[in-house]
Amino acid sequence: MSQPASSPPSPLPAAEPPAGEPVGEWTLRPEPQSAGLARRLVAGTLDGARESLRRRATLIVSELVGNGIRHGRGRLGVGVKRLPDGWLLQVRDSSSVPPRVRASAGLDEHGRGMHIVTRMSEDAGWARTPTGKVVWARLADLPC
């Protein structure tokens, strides 16, 4: 039985990240363990936030760091900013190649990272930097 053909990847929108108040910034090595470290750092920074928001944030940062390791080069920069209505997660890497959202088939083992990011955040995008790019996701912190 053949798998349905997946549609071609679509680029994540190019847009500058929203401005906010920095509350955490770290430099991580390009190794698999860094995704777990990024989750712990972000969870600690969002201590006191609703548990559902912390879970979304840690999943998103893990996917962004994983993509930075897989597709970028060199060290990664992870940042968290407080916005008037929520939080901004950012991951910087040294590749200028735009991130793409792939439609993956049911049994695909790879290619779901940016799809997860766009589904779990209110907004996401990327922007070129002097040394590569920053990929970001905005999470609303709405009252229950």
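Analyst: Let's start with axes: a helix axis is a line fitted to C-alpha atoms over the stretch in contact, and angles run from 0 to 180 degrees between N-to-C directions. One more thing before you ask away: this model is predicted.

User: Which residues of α2 and α3 make the contact?

Analyst: From α2 you get R56, L59, I60, E63, L64 and N67, while α3 brings G113, M114, I116, V117 and M120. Sorted by class, that contact has seven nonpolar, two polar and two charged residues.

User: Now the sheet. What is the order of its strands?

Analyst: The order is β2-β3-β4-β7-β6, an open sheet of five strands with antiparallel pairing.

User: What makes β2 and β6 edge strands?

Analyst: Each of them, β2 (21–28) and β6 (123–129), pairs on one side only. On average, neighbouring strands of this sheet are turned by 15 degrees against each other, direction ignored.

User: How do you know that β4 and β7 pair?

Analyst: Count the bridges: pairing takes at least two, and eight join β4 (residues 86–93) to β7 (residues 132–140). The two strands run antiparallel. Along them, G86 stands opposite A140 and Q90 stands opposite W136.

User: What about β6 and β7, how many bridges join them?

Analyst: Seven, and these strands also run antiparallel. They form a hairpin with two residues between them, and A127 faces V134 of β7 across the pairing.

User: Why does Q90 count as buried?

Analyst: Buried means under 20% relative accessible area. Q90 has 5% relative accessibility, so it counts as buried. Q90 is found in strand β4, and the residues it touches include P17, G77, K81 and V135, leaving out those up to four places away in sequence.

User: Why is β7 described as largely enclosed by the rest of the structure?

Analyst: Nine of its nine residues are buried, so β7 gets that description.

User: Last one: which strands does helix α1 lie across?

Analyst: Helix α1 (residues 33–45) lies across β2, β3 (76–83) and β4, running at about 160 degrees to β2.

Note on methods:
Residues are numbered from 1 along each chain as its sequence is written. This is a predicted model: local features need pLDDT of at least 70, side-chain atom pairs count only at pLDDT 80 or more; totals for chains, interfaces and linings use all residues. Side-chain values use heavy atoms; hydrogens and water are left out. Helices (H or I, at least four residues) and strands (E, at least two) are DSSP runs, numbered from the N terminus. Contact means heavy atoms within 4.5 Å. Buried means under 20% relative accessible area, exposed over 50%, partly exposed in between (1.4 Å probe, protein chains only). Ala, Val, Leu, Ile, Met, Phe, Trp, Tyr, Cys and Pro count as nonpolar, Asp, Glu, Lys and Arg as charged, and the others, Gly among them, as polar.
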